[in-house]
Amino acid sequence: MSISKEWLDFLREQYPVGSRIKLRKPGEGAPDALKPGAKGTLEHIGEDGVFRVTWDKGETLPLIIGQDSFSVSPPPLQTLRLYMPLTADLYEPDDYGNMDEDGITLNGRELLEYEDQIMAALMRERMPEEKERGIMHWYHENDTVNDKVRSVVFDLEEREGRLWGVAKCQVQGELTAEELDTLKEYVGGQASDGWGEGFEQREIKVGDRSELYVHLWHSEGWSLQTEQEQFGPKFADGLPEMCFSTLRDTGELICIKRGESGYYRSDWNTSDRVRNQEIAEDRNRSLGVTEAQRKAMEAGSMFGWSCPGADPKTYGQTAGQPQMGGMDLA
């Protein structure tokens, strides 16, 4: 049996993998065990246009349009979650009641305290046009991503002791690797320059007079990953068991342990910022920790050990470089 490419593309577009099949009447030569009313799941439409179906009761009969009579229902929606690290700036009034001009940067662990207020703000930000499809309402490409991804909304989730931003996607069928990359690019653009840009400019009232500005995107160490990519049981290759660094805001000397969130205050910490940097450089040299490894350890402790920033290859694995720098987030 031979069919045109146009017809094959049409069939695969109309009947995606995962569609549910109900047999009305099998054609000639069908196994006796396969009766009208049998149900199954579409696994593939072959190059010959034949429907390969996994039947619920184990039968293996393929279906041919024109020979077998059957109905096709869309596959059930699946929830795909894309995780992104959250940060925020907190502004508090001073002793005179004036709002401090220099905000305090908060990371996902510290934002757990404000989860309810942030979630309420996310809900308020959603526009009437986004009621059915979320931010997919603004996706104007006529492609398979638009066909398969029914809706995307920004949400929150607590994982590994920190608050994460989540793009919650309702997907019909399965996304190919290329389609997933396209979806990530779109969601990342909305988090940085579109929907998220407007959201981060809206103050969230917390406490008596404090204001919180939450960022779905930020320039350093940010990633957008599936649940398996972000929380899968793996560490980035080439990381030491421990390294030393300093906090950018306070200059405090800290140590970071591979695979653990956050940091530990070092017993060698001093009140001198410069001295703490010298100690960190000296200790890292003695441990054989490169600059790339230090940066990767910092990213892993803040954003998760499966994020791209936790891979030293991101920074170039060069031995012998000075161990300067410091963590932005406490």
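Strand β1 (residues 20-25) pairs with β4 in the antiparallel sense, over five bridges; two strands count as paired if DSSP finds at least two bridges between them. Strands here are DSSP runs of E with at least two residues and helices are runs of H or I with at least four, numbered from the N terminus. This is a predicted model, where local features need pLDDT of at least 70 and side-chain atom pairs count only at pLDDT 80 or more, while totals for chains, interfaces and linings use all residues. Residues are numbered from 1 along each chain as its sequence is written, and side-chain values use heavy atoms, with hydrogens and water left out.

Within that pairing, isoleucine 21 sits opposite valine 72 of β4.

Buried residues of α5 include Leu180, Leu183, Tyr186 and Val187, buried being under 20% relative accessible area, exposed over 50% and partly exposed in between (1.4 Å probe, protein chains only).

Serine 151 belongs to strand β8 (residues 149-159). With a relative accessible area of 12%, serine 151 is buried. Leaving aside residues up to four places away in sequence, serine 151 touches Glu132, Arg133, Gly134, Met136, Lys168, Cys169 and Gln170 (contact means heavy atoms within 4.5 Å).
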